[in-house]
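Hello,

Here is the structure I promised to pass on.

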Amino acid sequence: MLESDAKLKFLFHAGDGRIPPYLAGREQEEKYFQDSVDLLIRKYPSDQNMIIYGPRGNGKTALLRYLQEATLKAVGDKLDILWVTPSQFKDLAQLAGLIVGNDQGLFRKALKLFDDVTASANIGMASVSTSLSHTTEMLALQNLLSEKSQKKPFILIIDEAHMLPPDIGYVLLNASQNVRAENFPFFLVLAGTPNLETALSQASASFWDKSKIFPLGRLSVDDAHKALSKPLESCQVACVEEALVEVIDRAHCYPYFIQIWGNCIAGQLAMTGSRRVTMETLSTVKDEVIADCSNIYILRHNELDKMGLVPLAADIGDAFAENDNQPIQVHELADKVRVFLQKQEESATHDTIQVTMQKLLHIGYIWKISVTDKTEEEVPLLCYEPGIPSLMEFIRRQRRPKAEMAVILERYQNSTMN
């Protein structure tokens, strides 16, 4: 295989959190991160914590990797960046150990700080010991972050932050606020699924929503075009406009599916030596793409099934199909959830409805957006849109009538025999 064909074959990266060949549609997130880095280099703290949340497959981890690598490339050793996930630490002492790294002086200071936490937690009445522990833990982490940032500007990135235990989230958010208030060059970045909102609210740090918050949903049509075409152009591949439009339409501007299409197309071109994407190219790779996307559909269906939400998901899919997949106001979907819970003879309170909606948000079945009313531009409407329209269609199709299903099975059996 020629070197150019090898580059093309491995151009796209679907689903492993690696940086895509072209990061499209995340300019606002890049700008805020870069502005914060500029402050840190000047020995000032970031103005706010940065919080990124969105359904899986929308590129949160890839974005963080890009920001980390671009920053290290630009400023080298002028600052420190630590990237962790909650699976790497079970308590604040372990998180402190990750923050300390190989700094022996800071290690000794951390040992003393958290020894003091243990001692404080063991004094006083049982009813106040938890409060004492949280206060001393916060002071210990605050002192550690201050010391770390004073030595060198420090960025702490926590991915999968929706898995943070509330007590750790509480201490971390309070410590971050205090360190930045004392003017130490520190920047905290949290990223996770839509459940991150719930996790931070449960942390009882009421100011978390004053952070710079970036909901990460599907790409715009223009950005989806760029995500596919620009990498191919870098390998001297031209895309017929009709084929480009077809891919974006089938991928529904979902970053993960765009990478799947790109990977299958690039692999086909590398094998044939062609440098042109046509409708015939798409026809050739279509079955491979469908198989790869179906894996996601099946996984999401299994998740919905475990939660007992497949019937509700199908009803919601019907509602969006009737509305041409256009946004539906929040209260309308909430009403569907209420009816579903009542049919299941379950409690249909405001809280149970919100919990159910949050489950659908977490797996990316629906996505909350703000829609501007052109007649009242200052009063946006809160709506839901499909997380992945084709996933909704997949869920809906599992309810085919028996007669229709018999025809489908007959066609399938005939195609396998041929």
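What percentage of the 418 residues of the protein count as buried? The figure is 46%, where buried means under 20% relative accessible area, exposed over 50% and partly exposed in between (1.4 Å probe, protein chains only).

Before the details, please note that this is a predicted model, in which local features need pLDDT of at least 70, side-chain atom pairs count only at pLDDT 80 or more, and totals for chains, interfaces and linings use all residues. Residues are numbered from 1 along each chain as its sequence is written, and side-chain values use heavy atoms, with hydrogens and water left out.

The protein has 17 helices and 10 strands; these are DSSP runs numbered from the N terminus, with helices being H or I of at least four residues and strands E of at least two. Residues 24 or more positions apart make up 75% of its contacts (heavy atoms within 4.5 Å) with a separation of 6 or more.

Now the interior. A nonpolar core here is a set of buried Ala, Val, Leu, Ile, Met, Phe, Trp, Tyr and Cys residues joined through side-chain atoms within 4.5 Å. The largest one has 102 residues, and Leu156, Leu190, Phe257, Tyr365 and Ile366 touch the most other members. Helix α11 (residues 255–272) gives this core its largest share, 10 residues. A second, separate core of 21 residues includes Leu67, Leu79, Ile155 and Val189.

Helix α11 also packs against helix α12 (residues 279–306) at about 140°, with the axes 9 Å apart. Axes are lines fitted to C-alpha atoms over the stretch in contact, and angles run from 0 to 180 degrees between N-to-C directions. Phe257, Trp261 and Leu269 are among the α11 residues that meet α12, whose side of the pairing includes Val285, Ile296 and Tyr297.

Ser390 is buried, at 13% relative accessible area. Leaving aside neighbours within four places in sequence, Ser390 is in contact with His252, Phe257 and Tyr297.

His252 has a positive phi of about 55° although it is not a glycine, and its place is the loop between α10 (241–251) and α11.

Best wishes
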